[in-house]
Amino acid sequence: MQKNTNRHSKVVIVGTGMVGMSYAYALTTKGSAREIGLIDQNKARAEGEAMDLNHGLPFVKPVDIQAGGYELCKDAQIVVIAAGANQKPGETRLDLTRRNVSIIEKIVPEIMAFNPDPIILMVSNPVDILTYVALKVSGLPPERVISSGTVLDTMRFRYLLSRFYNIDSRNVHGYVIGEHGDSEVMVWSRVNIAGISLMDWCKACSKSIHPHKQEIEDNVRNAAYHVIEKKDATYYAIAMAMNRITEAVFQNQQSVLTVGTLMRGEYGIKDVCLSLPCAVGSGGVGHVFSNPLAENEEKALRNSARILSRSSRCSGRAARLMTLSGSRTVS
Ligand code: NAD
C-alpha cells in the first residue's frame, strides 16, 4: 500500500451550486481537507459561500477556505467539477448534454494550466460522458480522472436493502455498476449481509427478497426523480458520496467504491467511462474489480456500456456531433 499523503490535503471545487457547496460543507464538518478552494463563474456566489463557511470554523478542525480563480488549483490534489448548466424550458436532454460538454471542455484546460497532475473528480451530469470528455481534454492518465459514478446509486441500493431487513446499512454489501443512469445494473448475485449471501440470509430470516426485487430496483433507478419531484434537486447524499471518495484519496484507503473510470477491457468493454467496484487511494483508481457476474448481469452491463459508448465516442472535442441514446441520467 502507498503512503498516507494526507499531509497537505487541498480540494478545489469548480461549481459552487447545491452539490458543490453541500460537498464543501461535508468536507468542513468532517475535517476531510486542510484547504478548500471555491470557483464559480458567478464569483460573488463563490465568495459569499466561502464567507458563510468560514464563519463556522470555530467549531470544526482547522481548514482554509477561499474563493478565487483557477490559480487555486495550483497545489490541489483533487479538483472536483460540479459545474453545470440547468435544463432550460423546452431544451432537450441532448442540448443540455452538449452545453455541459462544452462547459467541461472550457473548465478542464483552465485547471490543467495551473496543475499538471490533479485527480479530477467529475460529478456534473451526464457524469459518465463528462468524465470521458475530461479524460480526453486533460490528457491525464485514466486513474486520475474519475467520477462519483454509481457510488450514490450503490448507497441507495444498500439503504433500501437495509430498510427491508432492518439491518444497519453498513453491514449490507452490494454494488450498482454501469452507467449512472437508466441502464445501471444492480448486482444481486454479489449482495451479502455481514458476509452471508442474500439467498442464505433470506432463508435464515424467512423473508424472501424475490417478490420485492423489482420494486427495489425501480426505487434505486428512480430515486433521483422522486427527490427532484419534491425538492427540485439532489445534493446531500451525493455530497456524502463525494466526501467518502475524498477521504479514500487523502488517506490512501484503497476503499472499494463504484467510482466511474475508463474501461480498458473489463468484461470486454473498452474506451468508455462507467462504474465498477474500484480500489480508490492516493493515486486515484487502482485495481478495477471485474469478478464474474451472473449471466444476465454481465449482459446488462454490456448493454449499459453500449449505450454510453454511443454517446461518449462522439462527445470529446466534437461535441456538436454527439448522438445520444434515449437513456436518462439520474442525479
Ligand atoms: P446548481 O445549478 O445549483 O450549481 C451549478 C453551479 O455551476 C452554479 O453555481 C453555476 O454558476 C456553476 N457553473 C456553471 N457553469 C460554470 C462554469 N463554466 N464555470 C464555473 N462554474 C459554472 O447545480 P447543482 O444542483 O449543484 O448540480 C451540479 C451538477 O451536479 C449538475 O450537473 C447535476 O446534474 C449534477 N449532479 C450529479 C449527481 C451525481 O450523482 N453524479 C447528483 C446530483 C447532481
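Ala, Val, Leu, Ile, Met, Phe, Trp, Tyr, Cys and Pro count as nonpolar here, Asp, Glu, Lys and Arg as charged, and the others, Gly among them, as polar.

Ground rules. This is a predicted model: local features need pLDDT of at least 70, side-chain atom pairs count only at pLDDT 80 or more, and totals for chains, interfaces and linings use all residues. Residues are numbered from 1 along each chain as its sequence is written, and side-chain values use heavy atoms, with hydrogens and water left out.

Now the ligand. Its shell has 23 residues, and the closest are Met18, Val19, Asp40, Val123 and Asn125. Split by class, that is nine nonpolar, twelve polar and two charged residues. Helices here are DSSP runs of H or I with at least four residues, strands are runs of E with at least two, and both are numbered from the N terminus. Domain 1 (10-147) and domain 2 (151-321) each give at least three residues to the shell. Those bounds come from an automatic or database domain assignment.

Which atoms come into polar contact, meaning N or O pairs within 3.5 Å? A backbone N or O atom of Val19 sits 2.8 Å from a ligand oxygen. A polar backbone atom of Gln41 is 3.2 Å from a ligand nitrogen. Ser148 brings a polar side-chain atom to 3.3 Å from a ligand nitrogen. Alone, the ligand exposes 870 Å², and the protein buries 87% of that. Those areas are Shrake-Rupley, with a 1.4 Å probe.

One backbone detail. The peptide bond from Asn125 to Pro126 is cis, with omega near 0°. Pro126 is in the loop between β5 (119-122) and α4 (127-138).

Next, the second largest pocket. A pocket is an open set of points on a 1 Å grid over the protein atoms alone, where a 1.4 Å probe fits, with protein on both sides within 12 Å along at least five of seven lines; lining residues have an atom within 4 Å of a point. The volume, the space filled by probe spheres set on the points, is about 1,100 Å³. Of its 41 lining residues, Leu152, Met155, Ala237, Met240 and Ala241 are closest to the centre. Which element gives the most? α9 does, with nine residues. By class, the lining has 22 nonpolar, ten polar and nine charged residues.

How values were computed:
Near = heavy atom within 4 Å. Polar contact = N/O pair within 3.5 Å; in protein donor to acceptor, adjacent residues only side chain to side chain.
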